Amino acid sequence: MHDIYNFVSGPLVWVSFIIFFGGILYRLISMAVLAKKKDVIVYEYMSLQYGLRSILHWIIPFGTVKWQKNPIFTIVTFTFHICLIFIPIFLFAHIILWKESWDISWWYISDIAADVLTIVVIASCIFFLVRRIVLPDVKYLTSISDYVILGIVAAPFITGFWTYHQWPGFRIMGIIHILSGEIMLAAIPFTRLSHMIFFPFTRGYMGSEFGAVRHAKDW
Amino acid sequence: MAEPAIKNSEQIDKIVDEGIDTGIARLTPEKIEQVINKVLKTETGARLKTYVETCVHCGLCSEACHYYLSHDNDPKFSPAGKVKQTIWEILKKKGKVDPEFIRRISRIASTECNLCRRCAMYCPFGIDVAYLITIVRRICHMLGVTPLYQQDTAHSHSANLNQMWVKEDEYIDTLQWQEEEAQDEIPYLRIPVEKEGAEIFYSVIAPELKFRAQLIYQAAVILNVAGVDFTMPATPGWDNSDLCMFTGDNEMMGRLKKAHFETAMRLKVKRIVMGECGHAFRSVYDVGNRWLAWKMPPIPVIHAVEFYYELIKEGKIKIAKKYEGAVTFQDPCNISRGRGLHEMARYVVNATCEEFIEMHPNREHNYCCCAGGGVINAGPPYKMKRIKGNRIKAEQLFAAKARGAKVVIAPCHNCHGGIEDIIHHYGLDMELYFLGDIIYKIMEKPV
Amino acid sequence: MHNISSWAWEIGKKLIADTGKWKDMFENIEEPYVSPDGEKIAAVVKTGEMEFSVCENDAPWERRFDKVWYLKFGPDNRLTALVSDTGAWTVAVDGDVWENTFDFVWNTKFGTDGKNITVAAQKEMEYFAVTNDIPWETGFSSLSNLTISRDGKRVAGVVPTVDVSEGEIFKFQEGCYSAVVDGKPWDTNFVNVWDMAFSHDSEHVAAEVRTSLYDYTIAVDGVPWDKIYTSVWMPQFSPANGSVTAPVRIAGKWTLARDGNPFWNRSFAQLWHHMYSPDGKKIAAIVAPKFGRWTVAVDGKPWSLTFGDLVTEAVFSPDGNRVACIGKEDGKWTIAVDGKAWGGVYDMVWQPVFSPDSRSVAAKAEKNGRYTIVIDGKPFKDSYKALGDPVFSPDSEKILIKGIEGDADGGKYYRQVLPITDITG
């Protein structure tokens, strides 16, 4: 078991980070090249000012009509996305690992806060799951892959929570936790989780077309 | 027994459409696969790929769509639902789909989406579903499967460079006829034809020639009273409309826009002012011109709403007495979401009408009329589908009526056609006008 | 152009007509037109209730009509108008009307020497062309794209050759249109036929055609090229060897093809309005080397100067060594010659004109509602209320200015000949 632990917490971390950053770079560059070749108008009409104007509205909770009309969803999705990025970076247990490996550290959140926020993420995932099952329009769009992706995102938090609280089998769960985190990182560039990478571009392009060309709002 | 080719056969439209039916009968799976892959390979790229891969299937776009809302939240009518039934399936099967599938996607693309772009404002990623549906229409066009009436309009465009088979002499004759009619009211009035160097080329769409000649009359009165130096051409190129843009015949779309802009260049005008048409504005403003490599229209195109705004604001048109009935206003997609003219429109409405009652939602968020995007041009077979696909518009109008509105102003031909049918079908008993109708009624005219 | 050397080229200014007085003579006066030689000015005038005529140099034509429109001077300075007398339409030339009458006439066209005048006509729903009062023997259910040969002797157009009704989409797609030359349609039917051109000897006609909804090519005398394209623009005949060239679209880019084979070795985001130098040795075209930037390419090589809004009305110099065009950037218009833009920008400019020796370029330009002539980028000091196109003298040393002086209320039309050095300094 120790070997497995060393493997997932050693070489696999590197692999996952390489896939994550390399993948992002690859996706961005290949898409940019493709756009240059086939969608030259994207470059022609992309406007920094109007692109950012639109992005800004959409990353502010209740900054758009859509966010205002669905307050529960808005609260959940914003909380979820913030926690998703926030927790892994500012978790004490992770910071110790950074410290041990590379001797770097920064501010961290208290364990209680981490617990609460993790529960929030897990609850959010349950919310998304229920939404997929219950709402007919969302259910209609949902495929197996959507559940898999949701599972990939939820897994590191569930297993992390389990491990921290040292529930039965927590050692194995710890390994699964690391592994699931690595899977998630690796999955981001190559699954629909890539919306993390492409959001600024799709939103920015629509914002540019609406703002710079059509003189209208897109929120 | 084998399963039917399409499982949900009850969902398939029973509407008979020779354009689609005959087109389907000529297809083979091989041809379909070849055409689809050719379109995808040669005409799509990063946008399609990004849009498909970025969509997280969240359903947030659903409530943006008037079809979805009007069909009791039927998921098949949600924007992403329509993309699922078309683009996703095409990509998943790599073009290996059967003719019946093409029938279904032709129906969806041509008669269940108005390309109104409202959903782009409800998708957090700004995924352009109208663009995706346009790809579907393009594929259907390349396969020869387009609703008959739409295709016939595209043919008229190709043969006459206008959408209603108007011959060269009929167009000029109509202008002269309207000029004479209007001279009974304003003796000095002219519709100057081929006046090189005029400030403005006033351009219209063919239905104004065929069915709504009074709009040319009214425009002539407004332009003459305001002292505008304008002209109209005596050649094809006068029609600014473009249904080829909506059938997916991009090559013809480009040809039409070239003729229109080159007519303006030949007449040495500084601006093109167009009548109250939404789709035509889209075709000249940010679609057709792009196909021709003009980043923006080479000669600026001013929609009637903006032009009325200028005339009233600059005092060129004076209001004798404001229109007395309470009015509400339909924001056409192609000039609100498409050009941000909604505030100027409100300025004109407030300047010309005693009482203005807003519809809700409004401005960029207004619901489409369900006639635009070429849907009304799919013709009578789809009329009821179109009306039922916009029950939400009837409810929206009814709410405005409940607050006192008796008149709907819709500065767009498609909105007009769509809302007229909605008013009749749902028994709303409201009057429907163009903005030009109102201005003509209430403006100061020389005695 | 008509024999320019016979025009008066003495330096000086001559009052031709006091157009300001016309409004005392007539109820209403439409916009004026001046003859190529500048000796005449004319306008459609209202002479009474539902009664119109043409006023030419202070005197109206004797004839009165219930409608007059499309006033046009031919290259030989004859004045034509389309006129209706009690609903019967015909053509009036210098005040005399053709014998034949029609239900409608439009689209007057002239050969280069002006001798032959052609219009499109409709009578009892039959459509045909009429040249010098002689109609085609055959009529068609429609006629469009009226095109004449250089000498004006031959006339072509596009007509339906198969009876097709609205809504018959599949019949339409089988091909129901063709080109017609002097009343005789080609043997081949096409889905569409559009712009066409005559060869310089007037013997051949080439046209843009669509053979299905998707296949575009060029047909010469009814025979399509064996290559198809996703789109084409108007073809031209080489004056040198009679070959046919046309812009064609391949894989989303435009290039120039000759007789169905690749001709220019590079492609553009757009390429159209190509033209031959007078000797036929060079070809220039308006091109977009990249999306949204416009210029002129000569023999496939684009200028480095580009414009964002548009480039239009390019023209070769008589010696074929120079090209001028109109360019527009950020809403302002100017002239560019051989890849260099004039310094001044204007609210509008007209097609540039080369001097016969190819050394100078003149253009009519508008600024703040007044018009002037600009030569080689230098504007004439005087401005006009209205202005005709400038014409260089045969020796290239003088310029003919046809301008109406005065303000909105009055105006006098002068014909003025100046040494070009008066403008260029």
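Residues are numbered from 1 along each chain as its sequence is written, and chains are lettered from A in the order in which they are written. In this predicted model, local features need pLDDT of at least 70 and side-chain atom pairs count only at pLDDT 80 or more, while totals for chains, interfaces and linings use all residues.

**View 1. Chain A is built from helices.** Chain A holds 12 helices and 0 strands; helices (H or I, at least four residues) and strands (E, at least two) are DSSP runs, numbered from the N terminus. From the N terminus on, the elements read α-α-α-α-α-α-α-α-α-α-α-α. Taken along the principal axes, the C-alpha atoms of chain A fill a box of roughly 60 × 40 × 35 Å. Of the 219 residues in chain A, 30% are buried. A residue is termed buried if 20 or more other C-beta atoms lie within 10 Å of its own, exposed if 12 or fewer, and partly exposed in between, with C-beta atoms placed from the backbone. Among contacts in chain A between residues at least 6 apart in sequence, 65% join residues at least 24 apart. Two residues are in contact if their C-beta atoms, placed from the backbone, lie within 7 Å.

**View 2. Helices α4 and α12 of chain A cross each other.** Helix α4 (residues 48-59) of chain A packs against helix α12 (residues 195-213) of chain A at an angle of about 115°, and their axes are 7 Å apart. Axes are lines fitted to C-alpha atoms, for helices over the stretch in contact, and angles run from 0 to 180 degrees between N-to-C directions. The residues making this contact include A:Y50, A:I55 and A:W58 of α4(A), together with A:P200, A:Y205, A:M206 and A:F210 of α12(A). By class, the contact of α4(A) with α12(A) has 8 nonpolar, 6 polar and 2 charged residues. Here Ala, Val, Leu, Ile, Met, Phe, Trp, Tyr, Cys and Pro count as nonpolar, Asp, Glu, Lys and Arg as charged, and the others, Gly among them, as polar.

**View 3. Chain A meets chain B.** In this interface, 39 residues of chain A are in contact with 39 residues of chain B. The elements of chain A that give two or more residues to its side are α2 (11-38), α3 (40-45), α4, α5 (65-69), α9 (136-141) and α12. Helix α12(A) gives the most, with 10 residues. The side of chain A that touches chain B has 20 nonpolar, 7 polar and 12 charged residues.

View 4. The domain assignment of chain B gives domain 1 (9-146), domain 2 (151-309) and domain 3 (320-442); domain bounds come from an automatic or database domain assignment. The centres of domain 1 and domain 3 of chain B, taken over C-alpha atoms, are separated by 28 Å. In the contact, 17 residues of domain 1 of chain B meet 21 residues of domain 3 of chain B. On the domain 1 side, α4 (66-70) and α6 (99-111) of chain B each give two or more residues, and the largest share, 4 residues, comes from α4(B). The residues of that side divide into 8 nonpolar, 6 polar and 3 charged.

**View 5. Helix α20 of chain B is mostly covered.** In helix α20 (residues 435-442) of chain B, 6 of the 8 residues are buried. These buried residues are B:L435, B:G436, B:I438, B:I439, B:Y440 and B:I442.

**View 6. Domains 1 and 2 of chain C are in contact.** The assignment for chain C gives domain 1 (1-100) and domain 2 (353-425), whose centres, taken over C-alpha atoms, are 22 Å apart. The contact takes 19 residues from domain 1 of chain C and 20 residues from domain 2 of chain C. Strand β1 (residues 12-17) of chain C gives the most to the domain 1 side, with 6 residues.

**View 7. Four strands of chain C form an open sheet.** The strand order is β19-β20-β21-β22 (chain C), with antiparallel pairing; two strands pair if DSSP finds at least two bridges between them. The edge strands, β19 (192-198) and β22 (223-224) of chain C, each pair on one side only. Strand β19(C) pairs with β20 (residues 205-210) of chain C over 5 bridges, and C:N192 has C:R210 in β20(C) as its bridge partner.
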